[in-house]
Amino acid sequence: DFYNETMAKIFLQYYENTTRVVWNRFMEASWNYVTNINQQNLEEMLLKDMERSQHMLFFGTQARLFKIARFQDPVVKHMLSKLQNIDKAALPKDELQEVMEGAPRSPGTCSPGESGDWWEDVMATSRDQKELLWAWQGWRDAVGPQVRMTFERYVQLSNKAAKLNGYEDMGALWQSMYESDTLEQDLEHLYQELQPLYLNLHAYVRRALHRHYGPELIDLRGPIPAHLLGNMWAQSWVNILDLVLPFPKKPLDDITRNMKVQHWKPEKMFIEAENFYTSLGLLSTPPDFWRKSMMERPADGREVECHASAWDFYNGQDFRIKKCTEVTIEDLLSIFHQMGHIQYFLQYKNLSVIFRAGTNPAFEEAVGLVIILSVFSHKHLLNKGLLSHQHQDSEEEVNFLMGIALDKIAFIPFAYLMDLSRWKVFDGTIQKDVYNQEWWSLRLKYQGLCPPTPRTEEDFDPAAKFHISASMPYLRYFLSLVLQFQFHEALCKATGHMGLLHRCDIYNSKMAGKLLEDVLKLGSSKPWPEVLEKITGETKVPAKAIMTYSKLLLNWLVTENVQQGEILGWPDFSCYFEE
Ligand SMILES: C[C@H](NC(=O)O)C(=O)O
Ligand SMILES: [Zn+2]
C-alpha cells in the first residue's frame with residue numbers, strides 16, 4: 001500500500017525540508033513580537049503560529065496513516081511516532097485561533113511603568129511588611145482577575161486538544177514528555193526524600209523571620225506568610241539571606257558590588273558565560289548570536305517581554321538570548337543558565353529537526369544549572385576575582401551553603417506543586433469554583449506558606465506566576481533541580497575532584513566537557529534514562545547527590561533547630577491573618 005516504509009522515508013525528508021522553513025519563520029515572528037510588543041507584531045506572530053500549526057496538523061495526520069508496527073528502521077518508527085503528538089494543532093481552526101488569541105499574555109512585560117520586574121524588586125529588597133503586602137497584593141490584583149476570565153476556557157480547549165492527540169487530558173500530555181508510566185509515584189517519592197531538607201530550612205527561616213517581624217506576624221508552629229521570603233512567589237528565598245545568615249559576623253561578599261566596582265557590562269557577562277563552556281571543550285556561539293541577541297532592555301521605549309529566554313531559529317546558525325540584563329550576580333547566573341540552553345541547541349543542530357530538543361525538558365534546564373554549581377563555587381568566584389577575601393573558614397562555608405539552600409532547597413516544594421496543581425485542574429480534581437482555595441491549600445501543604453491576607457475566589461493567585469499565565473509546564477524545573485546535582489557529582493568525579501562536592505569547580509575540564517557533549521549531541525533521539533546513564537551510570541534520578549551536596553548544611557540546620565527546640569512543619573496550620 002502507499003503508506004509503506006519507503007514512502008515513510010520520503011515523507012520524513014519532505015517534512016524535514018518544509019519544517020525548517022516554517023519553524024524559522026515562526027521563530028522570527030515570535031522574536032519580533034517579544035522584543036517589540038505591539039498589535040502588528042502580535043498579528044504577524046499569530047499568523048506564523050497558525051501556519052506552523054497547520055503544517056503540524058498535516059504531517060501529524062499523515063504520520064498516523066503509516067503502519068509503523070510492520071516497519072524495520074527504528075529511527076523511522078521513532079520519528080513517525082514523535083510527529084503524531086501535535087498538541088493544540090489538533091484543534092479545529094476556530095478553536096485553535098481562540099487558544100492563540102485568548103492565551104493569557106504573559107503579564108511580565110517590562111515596559112517602563114507597569115513593569116513586572118519593578119514589583120519583584122520591591123519583594124526582593126523591602127523589609128517593611130506593609131510595603132511587601134502592598135506589592136504582593138498589587139501584582140496579584142493586576143494579573144489575577146483578568147487571567148481568570150479566560151482560564152476555564154483555556155483548560156477546556158487544552159483538554160480537548162489533548163484528547164485529540166490520544167491523551168486523557170493536558171496533564172497526561174505534559175507528563176508524556178517524560179516517557180515514564182511511574183512518573184507520579186517517582187516524583188512523590190523524590191519529594192518525600194527531600195522533605196527533611198526543606199522542613200529544616202523552613203523551621204530555621206521561620207525563626208529568623210520571627211526575630212525580625214515579631215510574633216504578631218510569625219507563628220513558630222505555623223506556616224510562614226508568603227510575602228516575607230524575598231520573592232514574589234516565595235519560590236527562592238535567596239534575597240533574605242541577610243536576615244537568616246548563620247554567622248552574621250561573616251557576611252558573604254557582595255558579588256554584585258564587586259562586579260560594579262570592576263565595571264562589568266552585560267556583554268562581558270555573556271562573554272564570561274561563553275568562556276566557561278568553551279573551557280570544557282564545548283562549542284562557542286556563532287556570529288549571529290552576538291549580532292541578533294537582545295542582551296539589554298532596549299533604550300528606545302519599546303515594550304519587551306522580561307522573562308529571560310534562549311531561542312533556536314532552526315537553521316543551524318541563528319541562536320539568540322533575550323534578556324533585560326542588569327549588572328548583578330543573579331543576572332550573571334541567569335545568563336549562564338540561558339547559555340546552557342544555547343549549548344544544547346548548538347550540540348544537536350545537525351540532527352533532524354524532529355530530534356532538536358532535550359532528551360526530556362529537565363535536561364534542557366539542567367545544563368546551565370550544573371555549570372552554575374561550578375561558577376558559584378568559592379574557588380571559581382575567587383579565580384574570577386569576584387571575591388575580596390581569599391580564605392573561606394568553616395563558618396563562612398556554612399553561610400555560603402545557606403545561600404545555595406535558600407535558592408535551591410526552598411524551590412523544591414514550589415517547583416513540585418506548580419504542575420501537581422495544574423494536573424488536578426486538567427483532570428477535574430480541582431474545579432473552577434475552588435481554583436484559588438485549592439491553590440492555597442497546596443501552597444500550605446507543600447510549602448508551609450499562607451497568604452498574608454485573606455484570599456477569595458475573586459482572586460486568581462496562580463496566574464501571578466509567569467508559567468501559569470503563559471501556560472508553560474514546570475515539572476522540568478523540579479526534576480532539573482535534582483538532576484543538576486547528579487550531573488555535578490558525575491562531572492566532578494570525571495575531573496578527579498576529591499573532597500566535598502560543593503567545593504568542586506569543573507572549569508577547564510575537557511573530561512567533564514566530553515561527558516556533557518556525549519549527552520547533548522543526542523538531542524531527543526534517545527530515551528532519557530539511556531542518556532542519563534551515559535553521564536551518571538544510573539537510569540533513575542535519586543535524591544542522593546543533592547543530599548550529599550547539602551549534608552554539611554543539613555547537619556548544621558538540624559543542630560541549630562534542635563537547640564532552638566524548633567517544631568518541624570506547621571501543626572498550627574490555620575493561615576494566620578493579620579486582624
Ligand atoms: C525557575 C524558572 N526559570 C525559568 O523559567 O527560566 C522560573 O523563573 O520560575
Ligand atoms: Zn531554562
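Predicted model: local features only at pLDDT ≥ 70, side-chain atom pairs only at ≥ 80, totals over all residues.
Because His337 lies in helix α13 (residues 329-347) and Glu365 in helix α14 (residues 361-375), the pair ties together parts that are 28 residues apart in sequence.

Strands β2 (residues 309-312) and β3 pair in the antiparallel sense over four bridges, with Ser309 standing opposite Lys322 in β3. The two strands form a hairpin with six residues between them, and Tyr314 in the turn has a positive phi of about 55 degrees. Strand β3 (residues 319-322) is covered on both faces: Phe319 and Ile321 are buried on one side, and Arg320 and Lys322 are buried on the other.

Five cavities of 30 Å³ or more were counted. The largest cavity holds about 100 Å³ of space, and its lining includes Phe151, Arg422, Glu438 and Trp439. Helices α17 (411-426) and α18 (435-447) each supply at least two residues of this lining, which divides into eight nonpolar, one polar and two charged residues.

The second largest cavity has a volume of about 90 Å³. Among the residues lining the second largest cavity are Trp264, Phe336, His380 and Tyr507. Two or more lining residues come from each of α11 (266-279), α13 and α15 (378-383), and α11 gives the most, with three. The lining of the second largest cavity comprises eight nonpolar, two polar and two charged residues.

Note on methods:
Residues numbered from 1 in each chain as written. Chains lettered and ligands numbered in written order. Heavy atoms only, no water. Buried < 20%, exposed > 50% of the residue type's maximum accessible area, 1.4 Å probe, protein only. Pairing = 2+ DSSP bridges. 1 Å grid on protein atoms, 1.4 Å probe; cavity = no way out; pocket = protein on both sides within 12 Å on 5 of 7 lines; lining within 4 Å. Points joined across faces, edges and corners; volume = space filled by probe spheres on them. Nonpolar A, V, L, I, M, F, W, Y, C, P; charged D, E, K, R; others polar.
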